[in-house]
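Have a look at the sequence and the model, try each task, and then compare your working with the solution.

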Amino acid sequence: MAGTGLFAEILDGEHVYKYYADGEWKKSTSGKTVAIINPTTRKTQYKVQACSQEEVNKVMDLAKTAQKLWAKTPLWKRAELLHKAAAILKEHKAPIAECLVKEIAKPAKDSVTEVVRSGDLVSYTAEEGVRILGEGKFLVSDSFPGNERTKYCLTSKIPLGVVLAIPPFNYPVNLAVSKIAPALIAGNSIVLKPPTQGAVSCLHMVHCFHLAGFPKGLINCVTGKGSEIGDFLTMHPGVNCISFTGGDTGIAISKKAGMIPLQMELGGKDACIVLEDADLDLVAANIIKGGFSYSGQRCTAVKVVLVMESVADSLVEKVKAKVAKLTIGPPEDDCDITPVVSESSANYIEGLVKDAKEKGATFCQEYKREGNLIWPLLLDNVRPDMRIAWEEPFGPVLPVLRINSVEEGIHHCNASNFGLQGCVFTKDINKAMLISDAMETGTVQINSAPARGPDHFPFQGIKDSGIGSQGITNSINMMTKVKTTVINLPTPSYTMG
């Protein structure tokens, strides 16, 4: 169980968790805690420490000192410790998954999958890091016109320093380790600020790294209210890189962070363009998987369906039939649709639904809500003047817009301020490639729903969907910088000829 056995060290009393700094689990000197509300029961499930700005300062100093020593640690040794952490993480997947169920209402089976996937990500990162960081470049000067062979240039990748990692609530473990593992293998130290919903899952994950034997001060996890330590963290002079996944908060961070590398994924309005020749059974299955898994609370969820008018009726009927088979209820029962993360999120989704109803959208199901639990809803005949056509609901509500041409679908996709992913369904690969080229998104999936992963695939957004690229290799490269050493030789005394 969470907070027991191997994890008892991280607990301070009943359901109250410590924060992690300098290789130790600590209570905040603030004497305050932050409540974590169970989305299903809407009651306080856990509490975490409300760290102060003074404690953040201490953590930054510790991380800076630890990083200097860690950068000198052999690459094979860094990888060895990451493999050890991955094994511990996977071995103790059950209590971490339990936290995910209670903190973010993720279905039990999916919660276990997230933890196992996270362990696999850490191991893969260790292997990939050894490969790409173990290589450098050698350049000679006479390859550039006008130069003699008098300069030898050696380049290698070196760490940035202290990486601030801020994962989102929906994948708090997986999207935390996707930042932590690349940073560590590259020789950086980590300050992790977990989301409030998902914080206890993160603390359990961090304890797995603690048990693996990483040096004190190298990995730190501070919890607290974003209003009190959020800006203080992101604007802290001790931070050398920020890796953030979340919503439009990231735009504000990018404006305040200054001249440090940023890696940000900030959500999307992923469009699904359906052509007349598409396999509609395949499309319907992917709309269900892409639009309603984890109640639509995924950055890469299908957020709008743009279907050719001639096949729209048939597709809508197929999707309606599949929606009717979705199970709705608590995450402990592995239901398809579980409560959304918070009351404010449920209220926002309801506001989009009401706007669509007032403006004449066709409701394929009756709108139903109990607390944070919203029944899956397909909205047909949505028009561009409706909020749901453009805004990201982050819930189990999916709009269908009928289009009369491919160009109309591409235009709607590109008119969005988001540009994370999109997908196109057609049997014509030539058309698919042309549409992919025209869609202003970081990734286009052909004949499948949008998705992040496998975790070594590049993952990036454009426009308001983010800065930089993720994926294991890209993250390692992003969390390093190039160091150049030039050896200058005497001008040769020989003459040509």
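The exercises below each come with a worked solution.

This is a predicted model, in which local features need pLDDT of at least 70 and side-chain atom pairs count only at pLDDT 80 or more, while totals for chains, interfaces and linings use all residues. Residues are numbered from 1 along each chain as its sequence is written, and side-chain values use heavy atoms, with hydrogens and water left out.

**Exercise 1. Find how α2 and α6 are oriented to each other, and list the residues that meet.**

Step 1: locate the helices. α2 covers residues 75-91 and α6 covers residues 199-212. Helices (H or I, at least four residues) and strands (E, at least two) are DSSP runs, numbered from the N terminus.

Step 2: get the angle. The two axes come within 8 Å and cross at roughly 130 degrees. Axes here are lines fitted to C-alpha atoms, for helices over the stretch in contact, and angles run from 0 to 180 degrees between N-to-C directions.

Step 3: classify. Angles under 35 degrees count as roughly parallel, over 145 as roughly antiparallel, 65 to 115 as roughly perpendicular and the rest as oblique. α2 and α6 are therefore oblique to each other.

Step 4: α2 passes α6 in a right-handed crossing (left-handed if the near helix is turned anticlockwise from the far one by less than a right angle, right-handed if clockwise).

Step 5: list the contact (heavy atoms within 4.5 Å). From α2 come Leu 81, Leu 82, Lys 84, Ala 85, Ile 88 and Leu 89, which meet Met 205, Cys 208, Phe 209, Leu 211 and Ala 212 of α6. By class these are ten nonpolar, no polar and one charged. In this scheme Ala, Val, Leu, Ile, Met, Phe, Trp, Tyr, Cys and Pro count as nonpolar, Asp, Glu, Lys and Arg as charged, and the others, Gly among them, as polar.

**Exercise 2. Classify the packing of α3 with α6, and then that of α2 with α4.**

Step 1: take α3 (residues 93-104). Its axis is 8 Å from that of α6, at an angle of about 165 degrees. α3 and α6 are therefore roughly antiparallel to each other, and α3 passes α6 in a left-handed crossing.

Step 2: name the partners. Ile 96, Cys 99, Leu 100 and Glu 103 of α3 make the contact with Ala 199, Val 200, Ser 201, His 204, Met 205 and Cys 208 of α6. Seven nonpolar, two polar and one charged residues take part.

Step 3: turn to α2 and α4. Their axes are 8 Å apart and the angle is about 170 degrees, so α2 and α4 are roughly antiparallel to each other.

Step 4: sort the residues. The contact of α2 with α4 divides into eleven nonpolar, five polar and three charged.

**Exercise 3. Where in the chain are Pro 454 and Arg 42, and what is the omega between Gly 453 and Pro 454?**

Step 1: Pro 454 sits in the loop between β21 (443-446) and β22 (459-460). Gly 453 and Pro 454 are joined by a cis peptide bond, with omega about 0 degrees.

Step 2: Arg 42 lies in the loop between β4 (33-37) and β5 (44-49). Phi of Arg 42 is near 60 degrees, a positive value in a residue other than glycine.

Step 3: Most residues other than glycine have a negative phi, and most peptide bonds are trans.
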